[in-house]
Amino acid sequence: MEQEPIRVGLMGLGTVGSGVVRLVKNHQEDLWQQTGRGISIERILVRDKGKERSVQVDSGLLTERPEEILQDKGIDLVVEVMGGIEPAYTCIREALEEGKHVVTANKDLMALHGAELLSIAGDKGCDLFYEASVAGGIPVLRALTEGLSADRISTIMGIVNGTTNYILTEMARKGTPFADALAKAQDQGYAESDPTADVEGLDAARKMAILAYLGFHTHLALDEIPVQGIRDVTTEDIQFADQLGYVLKLIGIAKRNEGKMEVSVQPALLSGEHPLASVDGVFNAVYIHGEAVGETMFYGPGAGEMPTATAVVSDLVTVVKHMELGVNGRGMVAPYCEKRWKSPREIFSKHFLRLRLADEAGVMAGLTSVFAEAAVSLEKVLQVPISQGGEAEIVLITHTASQHQLETILRRLDEMPAVRQLMSHYRVEGGNG
């Protein structure tokens, strides 16, 4: 006897929600072959039932009242693609309390309330999946929770915001100033009218919080992650990086050594040989190093209707498979590692500094003595001729140094009258030395 289809309540019919409707409608045969059950979207929550939409749906499916989905005992599974914190948080919590499985694409919500919601899901024997919340169609969360679950992850580095990657690519390829590159990203639909979350690094930080949670089995709060955006990046910085064999990207970095971790988001220089260095435009990529597997990288479109919808529907398929096997909620693993942060003396990298100095005898000797006293050697030094009389510009890359050493150097440089300006400073990843 053929089983009843799985009944889905869809919350949101914007870009991603429309893609979910298209996939479920057009891939019924594939979905049935994979799960042994039909999948039927029974109700769709929208803000305005009268609005014209890019996908055709029966108007009888539309509702403006969340309770028509949440309190419907016949709906097995809720797909949340509304975005934002509220009402999404309340809806997902209520759905789980009602014993409904949930699939969401909501990175903001999962970064802020993920641990709590996953705990509720586990208590209620429900699945809560959120693959689409990080890097769109790239199955990186499933790789961390399933494919690499037997390994111990030491490094997760990601280009996880397509908007900033597009802007930096335009600046690098065409010499376009930041403001013009941002305006172009907005014209192309890659950036919102208010681009703050993207260009200030907040969107990337939310995604890194999720990746670090899954990779290191430790819950961390967003306000614990140091974040620096790309507003102050100049085309000159990018050009100097290129001369020295590096590319500049907005990078999320999560590393763990000997039980201690560091997580940050910042513009950083990557050596040309680094796997992330060639990721351009709106594409995303996540580089993962495991003690057993070594280096792996996941690359693809980080946003867009169909890539993100594909991740949502893939999660939906997994929930249905779990329902057939009777194992819903058993995959929830609570954070079990103590949260221990590295101190500034335990965070190591190379550094790029761009300085404007007085063009006087003895200045370079004084500069190098500052680095020598901090026990930091220089890997590359570039002197740049400038038209202003009496000043010189120096670009340098250090060998590996601790954050503490670097902070000591910056304090000393700030005290030197001959150092007129620290024009830029970036972390450097990869390369020799």
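Residues are numbered from 1 along each chain as its sequence is written, and side-chain values use heavy atoms, with hydrogens and water left out. Because the model is predicted, local features need pLDDT of at least 70 and side-chain atom pairs count only at pLDDT 80 or more, whereas totals for chains, interfaces and linings use all residues.

Secondary-structure elements are DSSP runs numbered from the N terminus (helices: H or I, at least four residues; strands: E, at least two). Six strands form an open sheet with parallel pairing in the order 3-2-1-4-5-6, where two strands pair if DSSP finds at least two bridges between them. Strand 1 (residues 6-11) is joined to strand 2 (residues 39-45) by six bridges in the parallel sense, and M11 is placed opposite L45 in strand 2. Helix 12 (residues 305-325) lies across strands 1, 2, 4 (77-80), 5 (101-104) and 6, and runs at about 165 degrees to strand 5.

Two packed helices are described by the angle between their axes and the distance between the axes. Axes are lines fitted to C-alpha atoms, for helices over the stretch in contact, and angles run from 0 to 180 degrees between N-to-C directions; contact means heavy atoms within 4.5 Å. Angles under 35 degrees count as roughly parallel, over 145 as roughly antiparallel, 65 to 115 as roughly perpendicular and the rest as oblique.

Helix 6 (residues 140-147) packs with helix 10 (residues 202-216) at an angle of about 15 degrees, the axes being 9 Å apart. Helix 6 is therefore roughly parallel to helix 10. Their crossing is left-handed, meaning that the near helix is turned anticlockwise from the far one by less than a right angle (right-handed if clockwise). V140, L141, L144 and T145 of helix 6 make the contact with I210, L211, L214 and G215 of helix 10. By class, this contact has six nonpolar, two polar and no charged residues (Ala, Val, Leu, Ile, Met, Phe, Trp, Tyr, Cys and Pro count as nonpolar, Asp, Glu, Lys and Arg as charged, and the others, Gly among them, as polar).

Helix 10 also packs with helix 5 (residues 107-124): the axes come within 7 Å and cross at roughly 30 degrees, so helix 5 and helix 10 are roughly parallel. In this contact, K107, D108, M110, A111, A115 and L118 of helix 5 meet D203, R206, K207, A209, I210 and Y213 of helix 10. Seven nonpolar, no polar and five charged residues are involved.

For helix 13 (residues 363-373) and helix 14 (residues 403-415), the axes come within 9 Å and cross at roughly 150 degrees; the two helices are therefore roughly antiparallel. This crossing is right-handed. L367, V370, F371 and E373 in helix 13 meet I409, R412 and L413 in helix 14, giving five nonpolar, no polar and two charged residues.

The whole structure contains 33 salt bridges, each a side-chain nitrogen of Lys or Arg within 4 Å of a carboxyl oxygen of Asp or Glu. One of these links E146 to R142, with the closest N and O atoms 3.8 Å apart; both residues lie in helix 6, four residues apart, about one turn of the helix.

Two backbone features were located in loops. E86 and P87 are joined by a cis peptide bond with omega of about 10 degrees, and P87 lies between strand 4 and helix 4 (88-97). H217, although not a glycine, has a positive phi of about 55 degrees; this residue is placed in the loop between helix 10 and helix 11 (235-243).
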